[in-house]
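Reader: Hi! Could you walk me through this one?
Author: Happy to. Let's have it on screen.

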Amino acid sequence: MNAVAGREVAAGSRAEGAPVLRKIAYVALNTYRETVRDKVLYNLVLFALLMIGSSYALGAISVYQEIKIIKDLGLASISIFGMVIAIFIGTGLVSKEIDKRTLYGILPKPISRSQFLLGKYFGLCLTLLVNVGVMTMGLYLLLFLMKEPFAPGLLKAIFLIYLELALLVAVGILFSTFTSSVLAGLFAGFVYVAGYFSSDLKNLDSVVESAFLPQVTFVLYYLLPNFKNFDVKAAVVAGDPVPWSHLGWASAYSAIYVTLLLVASCWIFGKRNLK
Amino acid sequence: MHAIETRGLTKDYVVGSFVRKKKRALDALDLEVEGGEIFGLIGPNGAGKTTTLKLLMGLIFPSEGEARILGMPLDDPEMKQQIGYLPEQPYFYDYLTGRELLDYFGQLFGLSREERSRRSGELLEKVGMSDAADVPLRKYSKGMSQRIGIAQALVNRPRLVFLDEPMSGLDPLGRREMSLLIRELRETGVTVFFCSHILSDVEQLCDRVAILNRGRLVESGRLSGIIDLSLRSLEVVVEGLTPDIQSRIGGSLLLSRPLGASSHLSFRDREECDRTLRLLLENGVRLVSLNPVKETLEDYFIRQVNAGGTE
């Protein structure tokens, strides 16, 4: 560094710092870059596309049911592989940063812990959007090859799958703020499964006699997200109408849940001492 | 305004799985670092150096006490805008290249695209990483990671730089370059605060030091005020010293021991050394080397740590 450059440093020609939303966007885009450079993601998406493709073979042996089988398996593949990506990549996003100490390079920069966490969340949501988009195109391509007319109804089911995944990512992020990526994955998986049975939890007290069980199931029912709200796959494949109001209601439900989970995540992460 | 100021900064960790106990990692640290100086924080393993840095960087939170950097609280984004930090054994996103990492961090500082591009190029050249700029970080050696670590710490042209073991992983040439870089930073008005185990580096570079042991501040101040820089002895190595000659000059030698074909002599004062050396040379002894010995930071450090250990 020469003397002129030195004076430049001493004079401190510094930028004002990026605006808050832009900082979140930078972290999100870097997170997206992180996930798309992860070979695991490609394997998962490839496997999902193979699953969608294999529905063609299954459809061929199902007389008059081939289109239904393709739609069923296609939507299930998008949902299951999206879930796997959301849980296994989502829960590792924060805990991996803590374990590998990459956070040590980030947090002393002018970015708050909440901004970092929100960036991570939106980055993975962006990754999922692209992945769900690719899988959707794979499904529609297969239907096109089967000379099936464009079925816009599927998009409603896929939109709800995406909302479900966005919610699941927030669940994974919450767990990863206070535990290891393995445990966070297990917990998020449990919430996902339990979330599909939360309405059964509500009814559990009517079939099991217990003094305290109704209170436990009551708390769990209202605490766990009800993932069944996002499941219209069977209805769409059967050609039953899915009202727009249901999409609006599910969107609001997901947005509120995600907001609460992210607020809790930011609060926990903001208080956490790093290793 | 001090560049860094801590008052009673304390950190307790809870240890143990079943019986949970508090372990004090840092005990009421009072420290003041002036702007424009190179300040070294030294101490043995577990002394609390990295804990201090982590507290200052907001990676962990104090149990008691407070600290201010550039007169601002530790969570102030305006303060973070003006500092740089090199973590110990830095590990960055291994899916990024060196250039992408600098660009990403530059974004967080609000630098424009042109400024980021220019600054990345300058820094990569400065740390000798221009050739590896577009190689993914996962392929970097330890020394290369250290170099890119120092580059990212300077991306925002900081007023104050924190370096945790900056020489770690560097080869002798790299260490020399790092020393030059640290000196250049001071010349340009940047305050440098660094932790190191390598006491000779601290001794050569630092204007002031603080010594930590078992979480407590043992000493803080200018090196000249901490260690005795007066002459302690003169170490002489000669060849051709026979027992016959040695018996003739007798008791004036403080210490004499063979060193291969040579002999190692030690004198307490300069006059004694001059007189004896004259005698030796007159008797055909050849002078190999003569070194004045002063107290080093290492001597002082070991003495303080040992004293702390026997408390």
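**The sheet in chain B**

Author: In this predicted model, chain B has an open sheet of 6 strands with mixed pairing, in the order β6-β7-β8-β3-β9-β10.

Reader: Which strands stand at the edges, and why is one side of each left without a neighbour?
Author: The edge strands are β6 (83–86) and β10 (216–222) of chain B; each has a single partner strand, so one side of each has no neighbour in the sheet.

Reader: And how much are neighbouring strands turned against each other?
Author: On average by 15°, ignoring direction.

Reader: What joins β9 to β10 in chain B?
Author: There are 6 bridges between strand β9 (residues 208–213) of chain B and β10(B), and the two run antiparallel. One pair to look for is I211(B), whose bridge partner in β10(B) is E219(B).

Reader: Nice. Which strands does helix α1 of chain B touch?
Author: Helix α1 (residues 49–56) of chain B packs on the sheet and touches β3 (38–42), β7 (160–164), β8 (191–195) and β9 of chain B. Its direction makes about 145° with that of β7(B). Helix α6 (residues 172–187) of chain B also packs on the sheet, touching β3, β7 and β8 of chain B, and its direction makes about 145° with that of β8(B).

Reader: Zooming out, what domains does chain B have?
Author: The domain assignment gives domain 1 (4–226) and domain 2 (231–294). Taken over C-alpha atoms, the centres of these two domains of chain B are 45 Å apart.

Reader: Staying in chain A, at what angle do α4 and α8 pack?
Author: Helix α4 (residues 66–99) of chain A and helix α8 (residues 181–196) of chain A pack at about 145°, with axes 9 Å apart. The crossing of α4(A) and α8(A) is right-handed.

Reader: Which residues meet there?
Author: From α4(A) they include F88(A), G92(A) and K96(A), and from α8(A) they include A184(A), G185(A) and Y192(A). The residues of this α4(A)–α8(A) contact divide into 6 nonpolar, 6 polar and 1 charged.

Reader: Last one: what are the scores?
Author: The model has ipTM 0.83 and pTM 0.84. Chain B averages a pLDDT of 87, with 94% of the residues scoring at least 70.

How values were computed
Residues are numbered from 1 along each chain as its sequence is written. Chains are lettered from A and ligands numbered from 1 in the order in which they are written. This is a predicted model: local features need pLDDT of at least 70, side-chain atom pairs count only at pLDDT 80 or more; totals for chains, interfaces and linings use all residues. Domain bounds come from an automatic or database domain assignment. Two strands pair if DSSP finds at least two bridges between them. Helices (H or I, at least four residues) and strands (E, at least two) are DSSP runs, numbered from the N terminus. Axes are lines fitted to C-alpha atoms, for helices over the stretch in contact, and angles run from 0 to 180 degrees between N-to-C directions. Two residues are in contact if their C-beta atoms, placed from the backbone, lie within 7 Å. pLDDT is the predictor's confidence in each residue, from 0 to 100. A crossing is left-handed if the near helix is turned anticlockwise from the far one by less than a right angle, and right-handed if clockwise. Ala, Val, Leu, Ile, Met, Phe, Trp, Tyr, Cys and Pro count as nonpolar, Asp, Glu, Lys and Arg as charged, and the others, Gly among them, as polar.
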